[in-house]
Amino acid sequence: MMMPSTSTLIAGEESAVTPLASISGESSLPDMTQTVHFSSGNPRIGETRGVMHLFPDDAVSPSSSSSSSILPIGRNPLVCVLGVPNHMTYADFCQFCGSFIQHILEMRTVRNDGIENRYNILIRFDTQESTDTFYQHFKGKRFNSLEEDVCRLLFTLDVQFTGYSGSIDHTQPSSAGPIEQPTCPVCLERLDQDTGGILTTMCNHSFHCSCISNWPDSSCPVCRYCQQQPENSVCCVCQTTENLWMCVICGVVGCGRYKGGHARTHWEETEHCYSLELETQRVWDYAGDNYVHRLIQSKTDGKLVELNSHGSLSKDGCGSCEYSDSGMTDALLNSKVDMIISEYNELLQAQLENQKQYFEKLLQNVKEETEQKVSEAASKAISQRLQKLQARRDRCFKEKQFLEDLNENLVKNKDVWSTKITEMEEREKKAVQVKDEKIQRLEEQLGKLMAQMDGGESEGSELKEEVKDGTVLPISTNSSTTTSSGSEKVKHASKNKSNRRKG
């Protein structure tokens, strides 16, 4: 059988694995094969290591007459799906296979050596035709439409288990009696490989495909081993990776007292007294200064078993009690259960009270800090507002002083200009008065001159008549001068009169 069950593999029956070379009728492995080293199992319990011999992608048949020309020669009903993402659960892969689940006899999940975020799946089919159809249908197909990861399929020639390492005695069992078939932990039915539909997880626990398809988590339903391992934890203060403890209340990771003691410092600051050691999964009580865990992980199969204070754990993980009487054992068990319940209730009440006080203290601190911040913000806003108002007041005061100075200057200028205007008006009045007086004198002179001119014309006519009747007498120079001066005065008066009219 190509892939033995978990019980057969752990028991060490590597001889039960029949090489595929004998199935295919070939005496040796081909020269052109791809070797892939793999491992499976929970590292805390035990690991099985082996080697897969895979056909390469270019191993094609030389004949091209049929549709099987792209398939290698000497293939077996065994394929390997390489590089399945870790976030893809067993249920997701079963759903991805679809209707081919009914043709699958067995699936086994293994991890690649050196690759942490992907795993491989070995699939054995009932017939070669189903294997070829599955290979042609899913090769290069995306696992889902949202990611670029594609299904990489290779035919597997042979699988060889090379060794086992773990805490379980890996001895060869006697083959005298019949070997009992394992059962499915979910439905408790036997895992018959002839009927098919068996899936073996990374931790070597086998289930029916129909049962594991209803398990949506990526962890194992038996031991809770998760194929998607988390990142390595570090101390939140010194970043060390050794001797780490995690607070079971808030999840803070700190180093132990033999390193930096930051886990204990966290307890002193927050009063979270329970801390889980990440390496051994044991719980430490800082208040009681002792271990308080009651469930530990069995080294046999990874299951959680109760740590009995009245008994001791044997090598196979089962507790042996020192009491033989069944009635006494039941009474002790009931009393122990009641004691654990009361202790748990008291412990829970105490922890809730401590948490209440702790968070009330945090709320009080937050309230005080908020009030202080609000007060500081209010005082700051008031001071800024006061500074702005003071600056505005100074600016208004400066503007007021400027306006007062301007008003004072304007008043002074008003008085000066009023004096000047008064003086100008007086000068204008005087000038007009002088002018009127002058005009009046000129008019009088003009009137006299006109009168003189009228008198001179009458004398001229008399002279003409006398000249006609008599002789002309010479005129003295005085009279001619007077006449010329009078004519000039007349001309000057007429000019002044015309100018005054124009003005």
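Predicted model: local features only at pLDDT ≥ 70, side-chain atom pairs only at ≥ 80, totals over all residues.
Phe125 has a relative accessibility of 2% and therefore counts as buried.

**Aromatic rings**

A pair of aromatic rings is described by the distance of the centres and the angle of the planes. The model holds twelve aromatic pairs. Phe125 and Phe134 make up one of them, and its geometry is tilted. Phe134 is also buried, because its relative accessible area is 1%. Another pair, formed by Trp284 and Tyr291, is edge-to-face. Here Trp284 counts as buried at 14% relative accessibility, whereas Tyr291, at 35%, counts as partly exposed. The table sets out the two pairs.

| Aromatic pair | Centre to centre | Angle between planes | Type |
|---|---|---|---|
| Phe125 and Phe134 | 4.9 Å | 50 degrees | tilted |
| Trp284 and Tyr291 | 4.9 Å | 85 degrees | edge-to-face |

Phe125 and Phe134 also belong to one aromatic cluster, together with Phe93, Phe96, Phe100, Phe138 and Phe143. A ring may also have a charged residue over its face: Lys420 lies over the face of Trp417, at 4.7 Å from the ring centre.

In soluble globular proteins, nonpolar side chains tend to be buried together. The largest nonpolar core of this model comprises 40 residues, and Val81, Phe93, Met107, Ile123, Phe134 and Leu153 have the most contacts inside it. Among the elements that give two or more residues to this core are helix H3 (90–97), strand S4 (104–112), strand S5 (118–125) and strand S6 (152–166). The greatest contribution comes from H3, with five residues. A second, separate core has twelve residues, including Phe38, Met52, Cys80 and Leu122.

Leu153 shows which residues meet within this region. Apart from neighbours within four places in sequence, Leu153 is in contact with Asp57, Val79, Cys80, Val81, Phe134, Tyr135, Phe138 and Lys139.

**Helix H4 and other sites**

Helix H4 spans residues 128–138, and its buried residues include Ser130, Thr131, Asp132, Phe134, Tyr135 and Phe138. After H4 comes Gly140, which has a positive phi near 80 degrees.

Ser206 is found in strand S8 (residues 206–208). Its relative accessibility is 8%, so Ser206 counts as buried. The side chains of Ser206 and Thr200 are joined by a polar contact of 3.0 Å.

Gly74 lies in the loop between strand S2 (46–54) and strand S3 (78–85). With a relative accessibility of 22%, Gly74 counts as partly exposed. Gly74 and Phe55 stand 19 residues apart in sequence, and their C-alpha atoms are 9.6 Å apart in space.

Note on methods
Residues numbered from 1 in each chain as written. Heavy atoms only, no water. Helix = DSSP H or I, 4+ residues; strand = E, 2+ residues; numbered from the N terminus. Buried < 20%, exposed > 50% of the residue type's maximum accessible area, 1.4 Å probe, protein only. Polar contact = N/O pair within 3.5 Å; in protein donor to acceptor, adjacent residues only side chain to side chain. Core = buried A, V, L, I, M, F, W, Y, C linked by side-chain atoms within 4.5 Å. Contact = heavy atoms within 4.5 Å. Phe/Tyr/Trp six-rings, centres within 6.5 Å; stacked < 30°, edge-to-face > 60°. Lys NZ or Arg CZ within 6 Å of the ring centre and 35° of its normal.
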